[in-house]
Amino acid sequence: MEINSPAEMKDLGKKIGKQLSSTDVVILSGELGSGKTVLTQGIAAALGFDQITSPTFVISRIYKGKPNFIHADAYRLLDSGIESFTDLDFESYLPSSIFVIEWGAPFVTSLTDQYLDIKISQGLTETSRQVEITPIGQRWSGFKV
């Protein structure tokens, strides 16, 4: 789908966020500046969280709630020698949390085999983005935005 502005990206995030519950994992990929954090802010807003910032330098940020919202950025892990999210103890948070993980595709199967895979790429114009959402696993059967 074509997204034409940051406001539309945030609205897409809200639509996704309204459908999430504990144990759900969303994986985001896209170039730097593609809108991953804006999409995450929309998801978080639908869950009642605000003030969401990129966790690039801290790996993850945990926003406490029911459920918790965990925003992680696995970019720094790609060349770190860490081979799975088990090394970060993410699985202990999974039952009570929703995860949005940027750059998490290489590691996600160590956490779950059911997730939303969202790829963001350059759209037709300088400010637009192409968003491809692939539901993985039975949990996402029939998922639509």
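The following conversation concerns a predicted model of one protein chain.

Biologist: What should I know about the model and its numbering?
Modeller: Residues are numbered from 1 along each chain as its sequence is written. The model is predicted, so local features need pLDDT of at least 70 and side-chain atom pairs count only at pLDDT 80 or more, while totals for chains, interfaces and linings use all residues, and side-chain values use heavy atoms, leaving out hydrogens and water.

Biologist: How many helices and strands are there?
Modeller: The protein chain has two helices and seven strands; helices are DSSP runs of H or I with at least four residues, strands are runs of E with at least two, and both are numbered from the N terminus.

Biologist: In which order do the elements run?
Modeller: From the N terminus on, the order is β-α-β-α-β-β-β-β-β.

Biologist: Turning to S128, where does it lie?
Modeller: S128 sits in the loop between strand 6 (115-122) and strand 7 (129-136).

Biologist: Is S128 buried or exposed?
Modeller: S128 is buried, as its relative accessible area is 1%; buried means under 20%, exposed over 50% and partly exposed in between, with a 1.4 Å probe and protein chains only.

Biologist: Which side chain joins that of S128 in a polar contact?
Modeller: The side chain of E2 does, at 2.7 Å. A polar contact is a pair of N or O atoms within 3.5 Å; within protein, one must be able to donate a hydrogen and the other to accept it, and residues adjacent in sequence count only if both atoms are side-chain atoms.
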